[in-house]
Amino acid sequence: MTLVDKRGPGEETSYGNTGVIVGASVFPTGFPRSLSKLIQVAMKRAPEANYHLGDLLRIAPWLISYHGFSTEEKLKDSAVKMRPLMSRSVAEHKALLDESGALKYLRENGWLTLYRSAAAFEALQRQLEFGATIGVAAQELDIDGALALEPSLAPVFRHALMWPDVASLSNPLMVTRAFAARLAALGGTFVNGDARSLKRADGRWQVETAAGPVAATNAVVALGPWSTDVLEPLGIKVPLGIKRGYHRHYAPKGNAMLSRPVIDTEYGYALTPMEQGIRLTTGAEFAARDAPPTPVQFDRLLHHAQALFPLGEPNESTTWLGRRPNMPDSLPVLGRAPGQSGRDGLWLDFGHGHWGLTLGPVCGRLIAEMMTGATPFTDPAPYRAERFG
Ligand SMILES: Cc1cc2nc3c(=O)[nH]c(=O)nc-3n(C[C@H](O)[C@H](O)[C@H](O)COP(=O)(O)OP(=O)(O)OC[C@H]3O[C@@H](n4cnc5c(N)ncnc54)[C@H](O)[C@@H]3O)c2cc1C
């Protein structure tokens, strides 16, 4: 098996995420439906979202589709279809971390989601009731209960939920590197190359690499936000959208510490303890994938984050930009490339959106089962690329 990447393993989106392995979650992140929230976003005042006006027309078809998949019924449908993947995600990570000698990066102590207003917490109740019907566990905590778990937080919130089936990683980049080293130990190869050179040659799939052309009977396109760069020249269209997000690391002040990721739902950011410091990650920015970074959300939310946790100085002078590869229904694309005999042996595994770290190992298992003819652990039909027509 040969893994081809233009960079080192895990150096793009998989480097900079919030590090959460979401073994239990209810609705995927939907398009805001409240008018007041939409106005706040439109006025560029929302801490949790930003957009580039000049790119809106180009991304409008995806946004309209995403909006259509954000009704309560559709979110429930996506949650049910995601459940078989999410419920196995921690176990799959753990097994892979174990055999890769990387268990030291795993924390199995959940995450905390915080609610600053009673109204925000009440609005969540229907979602939690639905979550309980599909096996998602969340424990309600009062302020004292949350502070007992994370004593360095300030009580600027009114309600908290602890999600016990969630895990997190203290260094996602080192984990991907450990997985790549495990691939090499099993006889696989990693090589730099440009996947846009993928073509059919002599009945096989061939790609140009630094080590010369590599050919194989099967090829898997797993390029996250860049997957369409390879698929569109092959005539395969999928509605992949991009939700950009940023991070920066901060030193905690004094003896302050966090032991698990904390989400401030009101302002849509997360604080995660990482080996590099406390990683502050932002919500979504709707902009062209390759547009220059505009980390304005930090200006809008940093004072809220500092009020919640004693963040000291940033550990870097620059802000990291990542690109969540999102399908409108928030489900990944997994399985054979659509139709036509010339595409035999071409497989797809991308579009994991907000939860690609979570889903990497479990989707890797599922596609491997499909490719080898083994019985898939779950019905892969909901993830077919053809679901969009
Ligand atoms: C701010 C933020 C926070 C997040 N938090 C979480 C979280 O807590 N939990 C979670 O589960 N998910 C989270 N995510 C989402 C998650 O990080 C992504 O879904 C996931 O990393 C996508 O992985 P990927 O391998 O598909 O894409 P990537 O990690 O981006 O990998 C794509 C690879 O393709 C390579 N490539 C690109 N073009 C070419 C080419 N032409 N030829 C060869 N190689 C190429 C790149 O070098 C790269 O290595 C977050 C994302 C962001 C932005």
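Trainee: Which residues lie nearest the centre of the second largest pocket?
Mentor: Arg 58, Ile 59, Leu 240, Ile 242 and Arg 289 lie nearest its centre, out of 16 lining residues. Keep in mind that this is a predicted model.

Trainee: What volume does that pocket have?
Mentor: The second largest pocket comes to about 420 Å³.

Trainee: Which elements give two or more residues to its lining?
Mentor: Those are α3, residues 56-68, and β14, residues 241-252. Of the elements, α3 gives the most, with four residues.

Trainee: And how does the lining divide by class?
Mentor: The lining of this pocket has eleven nonpolar, two polar and three charged residues.

Trainee: Switching to cavities. How many of 30 Å³ or more are there?
Mentor: A search of the whole structure gives two.

Trainee: What lines the largest cavity?
Mentor: Its lining is Ser 25, Val 26, Pro 28, Ser 78, Ala 79, Met 82, Arg 83, Met 86, Ser 330 and Trp 355. By class, that is six nonpolar, three polar and one charged.

Trainee: And the second largest cavity, what lines that?
Mentor: Pro 28, Thr 29, Met 82, Asn 326, Ser 330, His 352, Gly 353, His 354 and Trp 355. This lining has three nonpolar, six polar and no charged residues.

Trainee: Now helices. At what angle do α4 and α11 cross?
Mentor: Helix α11 covers residues 356-372, and its axis crosses that of α4 at roughly 90°, coming within 7 Å. That makes α4 roughly perpendicular to α11.

Trainee: Which residues meet there?
Mentor: From α4 there are Met 82, Leu 85, Met 86, Arg 88, Ser 89, Glu 92, His 93 and Leu 96. From α11 there are Leu 357, Thr 358, Leu 359, Pro 361, Val 362, Cys 363, Arg 365 and Leu 366. The contact divides into ten nonpolar, three polar and three charged residues.

Trainee: What about α4 and α8, how far apart are their axes?
Mentor: Their axes are 9 Å apart, and the helices pack at an angle of about 65°. Here α4 is residues 72-99 and α8 is residues 172-185.

Trainee: Is that crossing left-handed or right-handed?
Mentor: The crossing of α4 and α8 is left-handed.

Trainee: Which residues make the contact?
Mentor: His 93, Leu 96, Leu 97 and Glu 99 from α4, with Val 175, Phe 179 and Arg 182 from α8. By class there are four nonpolar, one polar and two charged. His 93 and Leu 96 of α4 also take part in the contact with α11.

Terms used:
Residues are numbered from 1 along each chain as its sequence is written. This is a predicted model: local features need pLDDT of at least 70, side-chain atom pairs count only at pLDDT 80 or more; totals for chains, interfaces and linings use all residues. Side-chain values use heavy atoms; hydrogens and water are left out. On a 1 Å grid over the protein atoms alone, a cavity is a set of points where a 1.4 Å probe fits but cannot get out, and a pocket is an open set with protein on both sides within 12 Å along at least five of seven lines; lining residues have an atom within 4 Å of a point. Grid points are joined across faces, edges and corners, and a volume is the space filled by probe spheres set on the points. Ala, Val, Leu, Ile, Met, Phe, Trp, Tyr, Cys and Pro count as nonpolar, Asp, Glu, Lys and Arg as charged, and the others, Gly among them, as polar. Axes are lines fitted to C-alpha atoms, for helices over the stretch in contact, and angles run from 0 to 180 degrees between N-to-C directions. A crossing is left-handed if the near helix is turned anticlockwise from the far one by less than a right angle, and right-handed if clockwise. Contact means heavy atoms within 4.5 Å. Angles under 35 degrees count as roughly parallel, over 145 as roughly antiparallel, 65 to 115 as roughly perpendicular and the rest as oblique.
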